[in-house]
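Here are my notes on this model, point by point. Please read them with the structure open.

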Amino acid sequence: GVALTDPEGRLVYVNAAWLALFGHAREGELLGRRWTALLPAPEAATLGEAAAALSPGEVWRGEVEARRTGDEAVTLELSLTALAEGGRVCVARDVSERLRARRERERLHLQVVAAQRQEAVGRLASGVAHDFNNLLSAISGSAELLLADLEPGDPRAEHARRILAAGESAAALTARLLDLGGRRREARRLD
């Protein structure tokens, strides 16, 4: 949208796109009003000062928050150019959708990064669980062989049973690590 102001900042011309940006139907609704009246108070004051400080030919550019009639928020890319006779050319473009799309891309990017982290942790957990399972197999197998070689009533049999029980507890922990890694496999007997 394009608008022209007099030296006091009152609108003297607005095109159809400017009217649409702010939700107005006719020029008469805006002509004669200060262009800053279309902006929220804090931004209006700041932009009014910025526009007044411009020398002829100088340009100010930036993004501002505005409200359409009906109180709908809109983000504008605004360009102010000072004219030799003291007025200003105001050019505005609605960038709300572009900003929403950028925020959505950033949100999706963060989700992808989180998923990649989770996948890396899962792979690490699976690798650790696999190596740990190999160690447990050796420990539990040796304890079973010891237990099989001991005579009934041998006091060392209790130590071998504790080793086997600790191995079973460790195997349950390994199963949880495999769940975290998403690679849990069902145990089955092989010949």
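1. A definition comes first: contact means heavy atoms within 4.5 Å. The model is a predicted one. Helix α3, residues 96-149, lies across β3, β4 and β5. It runs at about 125° to β4.

2. Now the sheet itself. It is open and has 5 strands, in the order β2-β1-β5-β4-β3. The pairing is antiparallel. β2 (11-14) and β3 (59-67) stand at the edges with a single partner strand each, so one side of each has no neighbour in the sheet. On average, neighbouring strands are turned by 25° against each other, direction ignored.

3. Look next at β4 (residues 73-82) and β5 (residues 88-94). They run antiparallel and are joined by 7 bridges.

4. Buried residues in α3 include S96, L99, G122, A125, S126 and A129. L136, S140 and A143 of α3 are buried too.

5. Which residues line the second largest pocket? They are N133, L136, S137, S140, E144, L164, G167, E168 and A171. The elements giving two or more residues to this lining are α3 and α4 (156-181). α3 gives the most, with 5 residues. The volume of this second largest pocket is about 200 Å³.

Technical notes. Residues numbered from 1 in each chain as written. Predicted model: local features only at pLDDT ≥ 70, side-chain atom pairs only at ≥ 80, totals over all residues. Heavy atoms only, no water. Pairing = 2+ DSSP bridges. Helix = DSSP H or I, 4+ residues; strand = E, 2+ residues; numbered from the N terminus. Axes fitted to C-alpha atoms, helices over the stretch in contact; angles between N-to-C directions. Buried < 20%, exposed > 50% of the residue type's maximum accessible area, 1.4 Å probe, protein only. 1 Å grid on protein atoms, 1.4 Å probe; cavity = no way out; pocket = protein on both sides within 12 Å on 5 of 7 lines; lining within 4 Å. Points joined across faces, edges and corners; volume = space filled by probe spheres on them.
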